[in-house]
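The exercises below are intended for a reader who meets this structure for the first time. Please study the sequence and the model before turning to the solutions.

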Amino acid sequence: MFALRGYEWIFEGDIAACFDEIDHTALMERLRRRVGDRRVLHVVKAFLKAGLLDEAGTDRETVTGTPQGGILSPLLANLALSALDDYFVDEWQRVSATHTDRTRLRRHGLPTFRLVRYADDFVVLVHGTREQAESLWGRVAAVLDTVGLRLTSDKTKVVHIDEGFDFLGFRIKRDVKRGGSRRYIYTYPSRKAVAAIMRKVKEATRQAINDPLSRLLRHLNLVLQGWANYFRHGSSWDTFAYLGYYAWLRVGRWMRRKHPHRSWRWLRKRYSPNHRWHPEQDGVTLLNPATTKIVRYRYRGAVIPSPWPRPGATI
């Protein structure tokens, strides 16, 4: 979606207390459009009205929202937010479905919009001006209001693609290619995402020094590999290399605390038998995220098959 040409303004939406404020009546109405089995509808409604047991032991009635941590909550929240999907799909089909339609709109100085949403994180790409992107405030707020939700005023904003924005842990920004003059859109791990993984590495290497090194390495490798697998679909190699160096330093400090009176030469001989200076014990070697292969996704736009029936169909 981010490969769409001309969509240079980004409306970054942030929903306030999404799981706490969803309107039950509106949610059940949307559910009835897809599910015809009354037994299922009754169970879902009972789930929403189950109440909340607070810290004082008081059972409070839940008149809005979905239970935090409830197994159905992400699914129901996604169903409520599909109101945004429906609005922008209908708008697209109504005025800008064909190339001719879009050309006519732009000839008259009118914008086109594309929504990208994952759960309660969403952005709207705008082919137009900043003022036209700002005009989405009222339209998006009105759609969210139909399901009892609202935008966060201090986090919702409009930015240009050259400024960049964060989405699902990635930093997305248009920049000049290194060594050239052409501009491309790059995606790479955001500062917030990098800070989060560094905190995990730091916390892991603070564990008891009485544990064997292999136990620490197994835990770290799972954390590092999972993070690298998620971000391997962007321009992430430099970040992976930096993270690998940081993890190496933290493990080195852990080993120094475990053996405070030993030299680096002794530590290398004990924990790096292959003389590559990758900490290793019992066949477990510290993972270097930079060895993760970068795999780019092909751009498919909106041509992604869906197994779900169209809105309005019953199952």
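The model is predicted: local features need pLDDT of at least 70, side-chain atom pairs count only at pLDDT 80 or more, and totals for chains, interfaces and linings use all residues. Residues are numbered from 1 along each chain as its sequence is written, and side-chain values use heavy atoms, with hydrogens and water left out.

**Exercise 1. The chain as a whole**

Task: State how many helices and strands the chain has, and what percentage of its residues is buried.

Solution. 
- Step 1. The chain contains eleven helices and eleven strands; helices (H or I, at least four residues) and strands (E, at least two) are DSSP runs, numbered from the N terminus.
- Step 2. Of the 315 residues in the chain, 40% are buried. Buried means under 20% relative accessible area, exposed over 50%, and partly exposed in between (1.4 Å probe, protein chains only).
- Step 3. Among contacts in the chain with a separation of 6 or more, 64% join residues 24 or more positions apart; contact means heavy atoms within 4.5 Å.

**Exercise 2. The packing of H9 and H10**

Task: Describe how the axes of H9 and H10 cross, and give the classes of the residues in their contact.

Solution. 
- Step 1. Two packed helices are described by the angle between their axes and the distance between the axes.
- Step 2. The axes of H9 and helix H10 (residues 237-258) come within 12 Å and cross at roughly 165°. Axes are lines fitted to C-alpha atoms, for helices over the stretch in contact, and angles run from 0 to 180 degrees between N-to-C directions.
- Step 3. H9 and H10 are therefore roughly antiparallel to each other. Angles under 35 degrees count as roughly parallel, over 145 as roughly antiparallel, 65 to 115 as roughly perpendicular and the rest as oblique.
- Step 4. The crossing of H9 with H10 is right-handed; a crossing is left-handed if the near helix is turned anticlockwise from the far one by less than a right angle, and right-handed if clockwise.
- Step 5. Residues of H9 in the contact include Leu 213, Leu 224 and Trp 227, and those of H10 include Phe 240, Val 251 and Trp 254.
- Step 6. By class, the contact of H9 with H10 has 14 nonpolar, one polar and no charged residues. Ala, Val, Leu, Ile, Met, Phe, Trp, Tyr, Cys and Pro count as nonpolar, Asp, Glu, Lys and Arg as charged, and the others, Gly among them, as polar.

**Exercise 3. The packing of H4 and H7**

Task: Determine at what angle H4 and H7 pack.

Solution. 
- Step 1. Helix H4 (residues 73-95) packs against helix H7 (residues 136-145) at an angle of about 130°, with their axes 9 Å apart.
- Step 2. H4 and H7 are therefore oblique to each other, and H4 passes H7 in a right-handed crossing.
- Step 3. Among the residues that meet are Leu 81, Tyr 87 and Glu 91 in H4, and Arg 139 and Val 143 in H7.
- Step 4. The contact of H4 with H7 comprises nine nonpolar, no polar and two charged residues.

**Exercise 4. Asn 221 and its surroundings**

Task: Decide whether Asn 221 is buried or exposed, and identify the residues that Asn 221 touches.

Solution. 
- Step 1. Asn 221 lies in helix H9 (residues 213-231).
- Step 2. Its relative accessible area is 17%, so Asn 221 is buried.
- Step 3. Not counting residues up to four places away in sequence, Asn 221 touches Val 284, Thr 285, Leu 286 and Leu 287.
- Step 4. A polar atom of the Asn 221 side chain lies 2.8 Å from the backbone nitrogen of Leu 287.

Note on methods
Polar contact = N/O pair within 3.5 Å; in protein donor to acceptor, adjacent residues only side chain to side chain.
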